Amino acid sequence: MEAELLQVLNPQSLRALEEWQRRESVALTQVNGQRRYGGPPPDWRGPVPGAGCEVFINQIPRDVFEDRLIPLFQSIAPLYEFRLMMNFSGQNRGFAYAKYGDPATAVAAVHALNKYPLQEGVRLVVRRSTEKRQLCLGDLPSGMGREELLMVLRLLSDGVEDITMKAVGSRGEDTCALVHYSSHYAASMAKKVLVQDFKKQFGVSISIRWITDSSIFRQQEHLEEISLAPPGLKLPAKLCVPPPRFQITRPSRLRNYRDPLPPLPAAPPSPSPPPTQGFSRAVGGPAHHVENRVVPFVTRRPDLRSHDSVGQLRWLCELHNLGVPLYDVRYHHTSPDGFLHFNYRIIIPRLPVPIFGAVQILPGISTNIMEDEVRRAVAEQAIKFMSHQR
C-alpha cells in the first residue's frame, strides 16, 4: 500500500514540504479533507477578518503543497489562514483558500496572482471567494422549535451565530432552517457532519444545501470599484479604474513578509530620461497633514523602466518587496475654474499606513482618458512622497 501511494505522490515534493515545515516551524492541521494553516497563525496581531477577505485558488497541480503556495501568497501580505483541499491519497484536490486581514489586500492578491505562472504550463486561477456561510436544513425532526434546534446545532457544530425558521411546502406544512455560521470554514465543517449526527441523535435523515447570499457578493465586488465619476458623467458598466494588473516575475526565492527589506544596491549611472509625454494637466500632491512613517529606502532616483508613472510605482514596489499598490480614488468636487478634484489613498501592503493626498485635473473628452490621467497623477505623487522619506 505504501509503495502504491509513493507512485501517486511525488517523494521530492513531500520531502520539500517536511523540510519547509521544520525550517519555518509551521504547523499544519488536517481535518475532514482539508489541511489548514493558521486561523490565526501564532504571530497574528490583528482582529479576526470579516467577509470579503478570502481568495479562492484553483488549477493547483496535485503534487504542489503549502511549502510553495503559502510563501507565494504571503508575498502579498500576512495570511490569517490558508486551507488546501486534500484527498485520501495525500494529493491535493487542485484548489485552496487564502484569507487576509482585510478586503483590500484580498483584492490586491487577486490582481497580482491571478494567472501566476507557478511552473511550466501551469498558471494559477485566483479570484475572490464567495465565502458562503449559510446552510439550509430541511426534513427536520417534527415539532423541533427554533430554540431547541439552535441549542442542538451549537452542540454538534462550531460557529453557529443564528438560525431563521421558514415554513415551506404548498401549504406550509414543512419547516426548514437557515443557519448562519461565523465563517465559510465553520459552515463547510458543519455540512460534512450534521447529516450523520442528526441520524444518530434523532433517527432522521435531514437534507443540507448551501445558501448563497448574492447581496454579500455584490458588496465584495464594490471593493474593486473606484468612484471617480463626477456628477453628470456616465461610467462604463464595468470597473471604472481597477487597481493596475501587474504580472509578477517569480523571484529565485520568494520572500516572507516577515523578512527584513534587502539592502539597496549601489546606485547605477543615471539613466537617460524617458521621452516627454507632453503637457500634463494634473496637479496636486500628498496630503500634508498625514504622518506616514516608513523605512528610508529611496535615496536615488529609480530606474525609469517604464515611461508611465503607474509602471514606475509598480517597479519601485517590486524592487523593495512592498507588495502590489492598490488605488482608491474618489471624486470630491469641481472648482469654479473647472478643475475636477479627487482625493486618493494608495494601500501598499508592506507600508505601515496608506498614502493619502489629492489631485486635480481638467475635464477630458472621455471618462477613460480622465481615469488614466488621474491614476498617473496619483502614482506620480506617491513616488514623490516615498522618495522624500528619509
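Select K384 and E380: both sit in helix α9 (residues 367-387), 4 residues apart, which is about one turn of the helix. Keep in mind throughout that this is a predicted model. The two side chains form a salt bridge, with the closest N and O atoms 3.6 Å apart. Are these residues buried or exposed, or something in between? K384 has a relative accessibility of 42% and therefore counts as partly exposed. E380 is also partly exposed, at 37% relative accessible area.

## A network of charges

Next, select R36, E54, E81 and R83 together. Salt bridges that share partners join these four residues, R36, E54, E81 and R83, into one network. Side chains of opposite charge can pair when their charged atoms come close. In this model the count of salt bridges comes to 11.

## Two pairs between separate elements

Now select R35 and E66. Their side chains meet in a salt bridge, at 2.9 Å from N to O. R35 belongs to strand β2 (residues 34-38) and E66 to helix α3 (residues 66-74); the pair links distant parts of the chain, 31 residues apart. R35 counts as buried because its relative accessibility is 13%, under the 20% cut-off. E66 is buried too, with a relative accessible area of 1%.

Move on to D328 and R345. These residues form a salt bridge in which the closest N and O atoms are 3.2 Å apart. D328 is in strand β14 (residues 326-334) and R345 is in strand β15 (residues 340-347), so the pair ties together parts that are 17 residues apart in sequence. D328 counts as buried at 15% relative accessibility, whereas R345, at 29%, counts as partly exposed.

## The four-stranded sheet

Select strands β9, β10, β11 and β12. In what order do the 4 strands lie in the sheet? The order is β10-β11-β9-β12, in an open sheet with antiparallel pairing. The edge strands are β10 (160-168) and β12 (207-211), each of which pairs on one side only. From one strand to the next, the twist averages 25 degrees.

Then hide everything except β9 and β12. Strand β9 (residues 134-138) is joined to β12 by 5 bridges, and the two strands run antiparallel. One place to look is G138, whose bridge partner in β12 is S207.

## An arginine in a loop

The last stop is R133, in the loop between β8 (125-128) and β9. Which backbone oxygen lies 2.8 Å from a polar atom of the R133 side chain? It is the backbone oxygen of S182. Show the surroundings of R133 next: leaving out residues up to four places away in sequence, R133 touches G50, A51, V179, H180, Y181, S182, S183, H184 and A187.

Technical notes: Residues numbered from 1 in each chain as written. Predicted model: local features only at pLDDT ≥ 70, side-chain atom pairs only at ≥ 80, totals over all residues. Heavy atoms only, no water. Pairing = 2+ DSSP bridges. Axes fitted to C-alpha atoms, helices over the stretch in contact; angles between N-to-C directions. Polar contact = N/O pair within 3.5 Å; in protein donor to acceptor, adjacent residues only side chain to side chain. Contact = heavy atoms within 4.5 Å. Buried < 20%, exposed > 50% of the residue type's maximum accessible area, 1.4 Å probe, protein only.
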